[in-house]
Amino acid sequence: LMSARLRYFDPAQRRAGVPPDVGVLISGMTDTTTTVTFVNLSATTPRTVIVQGGAYGEHRFETVAADGRDTPVGAETFSVQLSPGAGARLVLTMKRYVNRPTVAFPWARN
């Protein structure tokens, strides 16, 4: 079984993984937080990334902090919209191993 803190999905192409021209770097982890940076390298095309807590959605995101502002999530996934040439550093607060694991992609869940 795969063990991962985060898993990414490309909703435009309906597949696992990051969209074309998107880079992701995890720069820090604690027992309840993950710090991750997203960058859209395309100069013309916006990109959307779905971020999932854990390889099988077993973690729940409580908040996402960006630019000093916390946004409540309360779910196993959330979306990041990246403008052309833009990037974002996010601090994700999560509760780990609280959801029932699933292999279904985010758009195939109820």
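A: Let us begin with one side chain: Glu76 has a relative accessible area of 26% and is therefore partly exposed, where buried means under 20%, exposed over 50% and partly exposed in between (1.4 Å probe, protein chains only). The model is predicted, with local features needing pLDDT of at least 70 and side-chain atom pairs pLDDT 80 or more, whereas totals for chains, interfaces and linings use all residues. Residues are numbered from 1 along each chain as its sequence is written, and side-chain values use heavy atoms, without hydrogens and water.

Q: With which residue does Glu76 form a salt bridge?

A: Side chains of opposite charge can pair when their charged atoms come close. The criterion is a side-chain nitrogen of Lys or Arg within 4 Å of a carboxyl oxygen of Asp or Glu. Here the partner of Glu76 is Arg109, with the closest N and O atoms 3.4 Å apart. This pair links distant parts of the chain, since Glu76 lies in the loop between β7 and β8 and Arg109 in the segment after β9, 33 residues apart; strands are DSSP runs of E with at least two residues, numbered from the N terminus.

Q: What volume does the largest pocket have, and which residues are closest to its centre?

A: Rolling a probe the size of a water molecule over the atoms shows where empty space is left. A pocket is an open set of points on a 1 Å grid over the protein atoms alone, where a 1.4 Å probe fits, with protein on both sides within 12 Å along at least five of seven lines; lining residues have an atom within 4 Å of a point. The largest pocket holds about 220 Å³ of space, a volume being the space filled by probe spheres set on the points, which are joined across faces, edges and corners. Of its 15 lining residues, Val64, Ala66, Val80, Ala88 and Leu90 are the closest to the centre. β8 (77-82) is among the strands that supply at least two lining residues each, and β8 gives the most, with five.

Conventions. Helix = DSSP H or I, 4+ residues; strand = E, 2+ residues; numbered from the N terminus.
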